Amino acid sequence: MVLPDDLNSWWNLAIIPGMPCSPLRYYEAGPWLLALRNALRYFPPEIQKKLALEFAEELRLYGHIYMYRFFPDIEMRAYPIGEYPCKTKSAAAIMLMIMNNLDPSVAQFPQELVTYGGNGQVFSNWAQFWLVMYYLSEMTEEQTLVMYSGHPLGLFPSHKYAPRLIITNGMVIPNYSTRDEYEKMFALGVTMYGQMTAGSYCYIGPQGIVHGTVLTVLNAGRRYLKAEDLSGKVFVTSGLGGMSGAQAKAAVIAGCVGVIAEVDEAALLKRHKQGWLMEISNNLDHCIARLRDARKNKVALSLGYHGNVVDLWERLVYELDTTGELLVDLGSDQTSCHNPFSGGYYPVQLGFEEAKQLLSTNPGKFRTLVQESLKRHVAAINRLADKGMFFWDYGNAFLLEAQRAGADVEKRGANKTEFRYPSYVQHIMGDIFSLGFGPFRWVCTSGDPQDLATTDSIAMSVLEDSIRQGVSTSVKQQYHDNIRWIREAGRHSLAPVVLSRDHHDVSGTDSPYRETSNIYDGSAFCADMAVQNFVGDAFRGATWVALHNGGGVGWGEVINGGFGLVLDGSTEAEERAKMMLSWDVSNGVARRCWSGNDYAYETICQAMKDNATLKVTLPHKVVDENILEQALKR
């Protein structure tokens, strides 16, 4: 890979901009002037006049200045680490991960720097991309690059044991962390939505979430259907985008019949071409026939329905009403409901193109139709659930937005984080998190498939050794599921892409409607865990760390953090890994233990036996609940 030698030459790069993904937004003149002034800060005065005209046009059309002129005229992909023009391996690894996040075969809207989730960005504009690549090419082991919501503040003196990169995204004063304020600040170019792994440079495509999705489907079968074998069982859901695209592959690995609705034909074709989706149909009659056949013959199938998921759910209700046959066993949803009124959810009343047009011309009407659609969506799910189908919220704010729309999702006598249906964390992944398990991933920076196979073999041997040494039944199940995952991932051609994890994990995320939805001591809305995780990882050896507002369930609804850790085989890297990873897991398990989770209590007690320097405050249970009421009556 070849990059220009000096920063100024990069300003000469230019291509024709592509289609934007962001909806039209209108702002009064004052903020427009400020947005332009902010954007021109990146450029010397002699070219500002020309750029001001271009940027003003982008602002008028798209509500944001992406600086399309500077879209890189290079093949954007993850090159082998040795090809990056850097002074340190750490900087080269970060470059690799950034370019992977923007690879057109990976990113949802690469020209808008959106990796996944509709608006989860790597950077806010292309000038930031070039500046970051320049700084990384110059960085030494005595410097740290500081990132403010996509903006590279600069290289600052540090030391070799400090992180090479510190990222914060969307860190807004709490009272101003609303959607409306986000839209204004994003237009000004002063903040951005980094999702979870887009703005932290740790996304590896849907394969990064396949692992967790497989575990979710398997454990849903165990919990709801009392079944280890899911052959002949039907899982209906929606979404084949950046994260949701994992559902099709996960269904097949789990052995069930997966029917996934998607309104965007480009997303369907992309997943089909990649081999993640077996079949595509825009005909509901055909979909029902294929579902019945695969169900009867117990054949694993991933079928993409090109249409609105509400139509699919309502057709399943029709089949129930006319034949008495319940054709679906498990259900969920992975539309981008964290962003429902800006293209994350499309209303059933309109076709895809018609809906996009309405979004641009009449966003208020679009919002009304979305909320009406959500009510129909839930009504169909409720009808099927009443007959035995099991549904869960996949942490995309579906039930939260449905509630706000007036849909029937209330759970009587519940707290504000509970609905008629559980989140997958409350019923499935929460206990797995409490055992200390979560979606870690490693990236083979050589790009050599053989290196991936070698690391897979090492990982499996460690898991198998742990089982032989003796572990609890619940932990053994997780080890076996992970061994199954590694074997199946190889068979299903999941491509190789630095040790990292999804922010959706044991310790990384405070999200009351998802990751911490099974925290019942009143602290579900507190964000100490995620912030402590970010800080603790930083001084225990992480190569880079990130802290984000928003991710998964949306802006203002969650605080989450992640890390990247370069392992180069050195003794120093081994010590960093031992210290940092132990903290990264123990932090969340200890918090979950304190909240009253029995699995977490068992896990952290075992961890303290294994490590004499770990001392965790353990909770005492209130054995006699009567003393509480008696005390309050006095």
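**Figure 1. A stretch named in UniProt.** UniProt positions follow the numbering used here, feature names are shortened, and the annotations may be inferred rather than shown by experiment. With that in mind, the unreviewed UniProt entry lists residues 76–202 as "domain: Urocanase N-terminal". What you see is a predicted model, in which local features need pLDDT of at least 70, side-chain atom pairs count only at pLDDT 80 or more, and totals for chains, interfaces and linings use all residues. Residues are numbered from 1 along each chain as its sequence is written, and side-chain values use heavy atoms, leaving out hydrogens and water. Follow the chain over residues 76–202 and you'll find 28% helix and 18% strand, with the end C-alpha atoms 16 Å apart. Helices (H or I, at least four residues) and strands (E, at least two) are DSSP runs, numbered from the N terminus.

Figure 2. The structure holds 30 aromatic pairs. Here's one of them: the rings of Phe-43 and Phe-70 have centres 5.2 Å apart and planes at 20°, so this pair counts as stacked. Phe-43 sits in the loop between helix H2 (29–40) and helix H3 (48–62), while Phe-70 is in the loop between H3 and helix H4 (89–101), so the two link distant parts of the chain, 27 residues apart. To pair at all, rings of Phe, Tyr and Trp (its six-membered ring) need centres within 6.5 Å; planes under 30 degrees apart are stacked, over 60 edge-to-face, and the rest tilted. Phe-43 is buried, at 5% relative accessible area, and Phe-70 is buried too, at 0%. Buried means under 20% relative accessible area, exposed means over 50%, and partly exposed is in between (1.4 Å probe, protein chains only).

Figure 3. Tyr-346 and Phe-352 meet with ring centres 4.8 Å apart and planes at 70°, which makes the pair edge-to-face. Both of these residues are buried. In another spot, ring pairs join Phe-71, Phe-123, Trp-126, Phe-129, Trp-130 and Tyr-201 into a cluster. Tyr-201, one of that cluster, is in the loop between helix H6 (179–188) and H7. Tyr-201 is buried at 1% relative accessible area, and its phi is near 65°, a positive value in a residue other than glycine.

**Figure 4. Arginines over rings.** Look for the charged end of Arg-77 over the ring of Tyr-79, 4.1 Å from the ring centre. Arg-367 likewise lies over the face of Phe-341, 4.1 Å from the ring centre. A charge sits over a ring if NZ of Lys or CZ of Arg is within 6 Å of the ring centre and within 35 degrees of the ring normal.

Figure 5. Side chains of opposite charge can pair when their charged atoms come close. The structure holds 30 salt bridges, each a side-chain nitrogen of Lys or Arg within 4 Å of a carboxyl oxygen of Asp or Glu. Zoom in on Asp-481 and Arg-222, whose closest N and O atoms are 2.9 Å apart. Asp-481 lies in helix H18 (residues 473–491) and Arg-222 in helix H7 (residues 207–224), so their bridge ties together parts 259 residues apart in sequence. Both Asp-481 and Arg-222 are buried.

Figure 6. Glu-325 and Arg-292 meet in a salt bridge at 3.0 Å, N to O. This pair links distant parts of the chain, 33 residues apart: Glu-325 is in the loop between helix H11 (309–323) and strand S10 (330–331), and Arg-292 is in helix H10 (residues 284–297). Glu-325 is partly exposed at 27% relative accessibility, and Arg-292 is partly exposed at 27%. They belong to a network of salt bridges that links Asp-285, Arg-292, Arg-295, Arg-315, Glu-319 and Glu-325.

**Figure 7. A bridge from a helix to a loop.** Asp-598 and Lys-621 form a salt bridge, with their closest N and O atoms 3.0 Å apart. Asp-598 is in helix H21 (residues 598–610) and Lys-621 is in the loop between H21 and helix H22 (626–633), 23 residues apart. Lys-621 is exposed, with a relative accessible area of 62%.

Figure 8. Ala-397 is found in the loop between strand S11 (390–391) and helix H15 (398–405). Ala-397 is buried at 3% relative accessible area, and its phi is near 70°, a positive value in a residue other than glycine. Asp-456, in helix H17 (residues 449–469), counts as buried at 16% relative accessibility. Leaving aside residues up to four places away in sequence, Asp-456 touches Trp-442 and Ile-486, where contact means heavy atoms within 4.5 Å.
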